[in-house]
Amino acid sequence: MPQQEDIFKKLISHCKEYGFVFPSSEIYDGLGAVYDYGQNGVELKNNIKKYWWDSMTLLNENVAGIDSAIFMHPTIWKASGHVDAFNDPLIDNKDSKKRYRADVLIEDQITKYEDKIDKEVEKAAKRFGETFDEQKFRATNSRVLENQSKKDELHTRFAKALNDGDLEELRQIILDYEIVCPISGTKNWTDVRQFNLMFSTEMGSTADGATKIYLRPETAQGIFVNFLNVQKSGRMKIPFGIAQIGKAFRNEIVARQFVFRMREFEQMEMQFFVRPGEELKWFEQWKQTRMKWHKALGLGDKKYRFHDHDKLAHYANAATDIEFEMPFGFKEVEGIHSRTDFDLSSHEKYSGKNIRFFDPELNQSYIPYVIETSIGVDRMFLAILSGSYCEETLENGEMRVVLKIPPVLAPVKLAVLPLVKKDGLPEKAREIRNNLKFDFHCQYDEKDSIGKRYRRQDAIGTPYCITVDHDTLTDHCVTIRYRDTMNQERIPISSLETIIEKKVSMKNLLKQIANV
Ligand code: ATP
């Protein structure tokens with residue numbers, strides 16, 4: 001098994017063992033692609049949401065937050081295009097009876113060519129050492145060129161088929177490139193069909209005439225239909241943004257990648273309303289702002305990249321993804337889209353209400369254009385965990401699993417540990433915890449050896465362990481142990497708050513991205 005896949009499996013079981021993520025309805029054998037967050041998972045998730053929310057609403061004086069309902073008038077989904085066009089192309093393998101997204105099968109084939117190229121480059125880099133000229137190698141090596149041209153050819157054909165909505169051609173590509181089902185290994189494919197991803201339910205009793213309504217597949221529409229409410233009640237002027245965090249639901253065809261692709265998930269979306277014609281300038285600006293937000297977490301700049309869309313959605317005139325290097329390759333974590341005036345115009349048409357902004361500087365009314373930044377909380381959660389998961393061999397030969405979660409996002413900030421369970425040490429440790437609990441999420445742990453307790457805290461990513469020993473009672477000092485280096489220092493109890501605050505403070509992180 002490739003090493004990365006192995007790590008992904010370990011990460012999934014680690015998440016369960018340490019209270020981050022549990023399969024939903026587990027005692028009933030689970031429910032496909034639905035997950036529950038445990039005691040540590042929910043803290044990490046809340047911290048991610050706070051980082052995003054504060055970066056939007058505190059750092060930008062012209063971004064306001066809302067919380068709209070999940071249930072909305074069904075015509076909204078007609079206007080947004082979701083009833084008619086929120087489809088994925090699905091294909092079944094007749095032997096394994098497994099269902100796939102045709103576009104994902106082809107994208108995986110493209111990735112295979114990319115991987116082959118990367119391997120050639122890696123091999124050559126090792127061979128040539130410091131004299132290696134990567135650019136020249138990529139431009140001249142015959143194997144690289146061959147794979148590059150196969151990739152480009154497939155890419156062009158794929159993008160055209162997607163843009164034309166040509167389902168037969170998608171199937172033909174799968175056949176021509178001899179893409180096989182990963183389970184059965186065969187090429188026995190059905191036709192490609194469109195599959196609508198929205199869940200529906202009924203509102204009201206049947207006697208009254210129940211209405212078919214949808215569980216929202218994105219939070220964005222709740223923002224569009226409240227555009228005028230927020231603009232008027234907040235006396236907002238263009239440009240301004242509306243941010244929202246909330247659940248979204250999609251009946252995903254293939255849902256096999258843990259919390260990466262779920263049927264019930266959470267989004268953090270911000271729609272930024274701008275003057276028509278200025279959208280591409282703002283698109284560029286939000287791309288940079290969002291990338292900075294990600295990189296400030298310190299997981300490594302190389303783990304992120306932009307990926308521009310081949311197929312623009314029916315509403316967009318520019319779109320890019322921020323991808324993160326997951327254990328299963330670079331994958332989309334966030335989408336940034338220039339959505340034109342599609343949504344507001346369409347709501348104006350379907351609702352019959354005027355949804356325009358009077359711009360006093362231009363002395364004219366218009367439907368604003370929109371830049372959207374849309375990130376999945378759960379994918380961000382997975383990015384953080386995969387970027388933090390480390391297995392290390394210690395000097396004594398033991399292995400430790402440590403989650404090097406950015407301290408500001410860590411579920412527990414510090415653990416207070418009495419060296420022994422007697423002689424007044426537990427009382428002293430509790431006193432320290434009680435003084436710090438108003439500022440930080442703290443844990444108290446007195447069970448097992450100190451080594452075992454450190455391991456438990458490493459496994460959930462706690463940045464600091466504070467050990468209380470006999471000397472503490474007289475010198476008022478404790479030992480602080482740092483998660484990543486495992487270094488230990490003796491420090492006065494009175495300095496704990498300042499030391500911990502420095503690394504775990506949301507304020508410091510926000511200042512970093514705000515250029516203060
Ligand atoms: P994909 O191509 O992977 O299906 P998408 O392009 O349809 O994603 P968007 O509609 O742009 O995704 O949604 C914005 C964000 O919402 C995504 O970047 C992702 O982080 C998150 N998201 C979308 N679908 C899911 C899902 N099924 N499970 C978890 N997160 C999701």
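## Close-up views of a predicted model

**View 1. Helices α5 and α8 cross at roughly 40°.** In this predicted model, the axes of helix α5 (residues 102–128) and helix α8 (residues 167–176) come within 10 Å. The two helices are therefore oblique to each other, and their crossing is left-handed. To find where α5 and α8 touch, look for A102, L105 and I106 on the α5 side and for L170, I173 and I174 on the α8 side. The residues of this contact comprise 6 nonpolar, no polar and no charged.

**View 2. Helix α1 packs against helix α13 at an angle of about 110°.** Here you meet α1 (residues 3–17) and α13 (residues 377–388), whose axes are 11 Å apart. Because of that angle, α1 is roughly perpendicular to α13. The crossing of α1 and α13 is right-handed. From α1 come F8, L11 and C15, which meet L382, L385 and S386 of α13. Sorted by class, the residues of the contact between α1 and α13 are 5 nonpolar, 1 polar and no charged.

**View 3. Helices α2 and α11 form a right-handed crossing.** Follow α2 (residues 39–57) to the place where its axis comes within 12 Å of the axis of α11 (residues 279–295); the two cross at roughly 145°. On α2, the contact uses I48, Y51, W52, S55 and M56, while α11 brings W286, R290 and W293. Counted by class, the contact of α2 with α11 has 6 nonpolar residues, 1 polar and 1 charged.

**View 4. The ligand sits among 16 surrounding residues.** The closest of these are E252, R261, M262, E332 and V333. Which distance separates a polar side-chain atom of R261 from an oxygen atom of the ligand? For R261 it is 2.8 Å. R250 also places a polar side-chain atom by a ligand oxygen, at 3.0 Å. With G376, the atom to look for is a backbone N or O atom, which lies 2.9 Å from an oxygen atom of the ligand.

**View 5. A cis peptide bond joins I238 and P239.** At the bond between I238 and P239, omega is about 0°. To locate P239, go to the loop between α10 (227–233) and β9 (240–249).

**View 6. D29 has a positive phi.** Most residues other than glycine have a negative phi. D29 is not a glycine, and yet its phi is about 75°.

How values were computed
Residues are numbered from 1 along each chain as its sequence is written. This is a predicted model: local features need pLDDT of at least 70, side-chain atom pairs count only at pLDDT 80 or more; totals for chains, interfaces and linings use all residues. Side-chain values use heavy atoms; hydrogens and water are left out. Axes are lines fitted to C-alpha atoms, for helices over the stretch in contact, and angles run from 0 to 180 degrees between N-to-C directions. Helices (H or I, at least four residues) and strands (E, at least two) are DSSP runs, numbered from the N terminus. Angles under 35 degrees count as roughly parallel, over 145 as roughly antiparallel, 65 to 115 as roughly perpendicular and the rest as oblique. A crossing is left-handed if the near helix is turned anticlockwise from the far one by less than a right angle, and right-handed if clockwise. Contact means heavy atoms within 4.5 Å. Ala, Val, Leu, Ile, Met, Phe, Trp, Tyr, Cys and Pro count as nonpolar, Asp, Glu, Lys and Arg as charged, and the others, Gly among them, as polar. A residue is near a molecule or strand if one of its heavy atoms lies within 4 Å of it. A polar contact is a pair of N or O atoms within 3.5 Å; within protein, one must be able to donate a hydrogen and the other to accept it, and residues adjacent in sequence count only if both atoms are side-chain atoms.
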